[in-house]
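Please set out how this protein model is built.

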Amino acid sequence: QQGTYFFDVTTTYADFLKAAPKDKLIMGVPYYGYDWPVQDASQPLSKTLPQNDANGYAEIVSYSRAQTDADLSGKNCQWDATAEETWCAYTRSGIAREAWLEDQRSIGLKFDFAHSQGLGGVGLWTLGYDGSYPQLWKLIGHDFANG
């Protein structure tokens with residue numbers, strides 16, 4: 001189906017619900033994204049370059065790093081409505097890079113989905129990747145602590 005990715009949250013949990021009751025399902029929510037060296041950072045889903053010393057390597061981008069890394073903000077970044085995630089394009093040491101990030105908006109949408117579907121809750125990976133930023137704890141309180 002055009003306009004969707006092979007894996008998406010709605011389809012995945014619909015499949016899980018065929019095998020388990022919704023209150024027994026816990027939604028895994030990452031507090032990180034990935035940053036890759038790519039051929040063309042101006043296009044989402046650009047082909048990645050071989051991982052080596054010349055091109056650089058894929059990197060994990062924790063939520064806290066994304067809050068402070070200037071390459072991962074402002075005009076470098078945009079929202080992808082299909083993935084419901086922010087992606088950023090920039091150049092480091094002459095190599096184009098593309099990062100797909102979990103941020104307050106994307107994580108909030110995942111929490112909202114889990115809550116609205118009546119899932120058993122969420123599991124976070126990894127606690128501490130949010131650093132000293134309280135926004136994600138506030139989202140948890142909003143979606144789960146108030147019933």
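Strand S4 (residues 77-80) pairs with S5 in the antiparallel sense, over four bridges. Helices (H or I, at least four residues) and strands (E, at least two) are DSSP runs, numbered from the N terminus. Two strands pair if DSSP finds at least two bridges between them. Cys77 has Cys88 in S5 as its bridge partner. The hairpin of S4 and S5 has four residues between the strands, and Glu84 there takes a positive phi near 50 degrees.

S5 also pairs with S6, again antiparallel, over seven bridges. Here Thr91 stands opposite Ala96 in S6. These two strands form a hairpin with two residues between them. Ser93 in that turn has a positive phi of about 55 degrees. Strand S5 (residues 85-92) is mostly covered, with six of its eight residues buried. Buried means under 20% relative accessible area, exposed over 50%, and partly exposed in between (1.4 Å probe, protein chains only).

## Basis of the model

The model is predicted: local features need pLDDT of at least 70, side-chain atom pairs count only at pLDDT 80 or more, and totals for chains, interfaces and linings use all residues. Residues are numbered from 1 along each chain as its sequence is written, and side-chain values use heavy atoms, with hydrogens and water left out.

## Overall build

The protein has four helices and seven strands. From the N terminus on, the elements run α-β-β-β-α-β-β-β-α-β-α. The C-alpha atoms fill a box of roughly 50 × 40 × 25 Å along the principal axes. Of the 147 residues, 39% count as buried. Contact means heavy atoms within 4.5 Å. Among contacts between residues at least 6 apart in sequence, 66% join residues at least 24 apart.

## Helix H4 and Asp143

Helix H4 spans residues 135-145, and Leu136, Leu139, Ile140 and Asp143 are buried in it. They cover an arc of only 100 degrees around the axis, which puts them on the same side of H4. The arc is that of the directions from the helix axis to the C-beta atoms. On the other side of H4, Lys138, His142 and Ala145 are exposed. The cover over the buried residues includes helix H2 (63-68), H3 and strand S7 (121-125).

Asp143 has a relative accessible area of 5%. Leaving out residues up to four places away in sequence, Asp143 touches Gly108, Phe111, Asp112 and His115. Asp143 and Gly121 are 22 residues apart in sequence and 9.8 Å apart in space, C-alpha to C-alpha.

## A buried loop residue

Ser46 lies in the loop between S2 and strand S3 (59-62). Ser46 is buried, at a relative accessible area of 13%. Not counting residues up to four places away in sequence, Ser46 touches Val38, Gln39, Asp40 and Glu98.

## The largest pocket

The largest pocket has a volume of about 890 Å³. Of its 28 lining residues, the closest to the centre are Phe7, Val9, Ala83, Glu85 and Lys110. Helix H1 (9-16), strands S1 (26-30), S2 (32-37) and S6 (95-101), and helix H3 (104-116) each give two or more residues to the lining.

A pocket is an open set of points on a 1 Å grid over the protein atoms alone, where a 1.4 Å probe fits, with protein on both sides within 12 Å along at least five of seven lines; lining residues have an atom within 4 Å of a point. Grid points are joined across faces, edges and corners, and the volume is the space filled by probe spheres set on the points.
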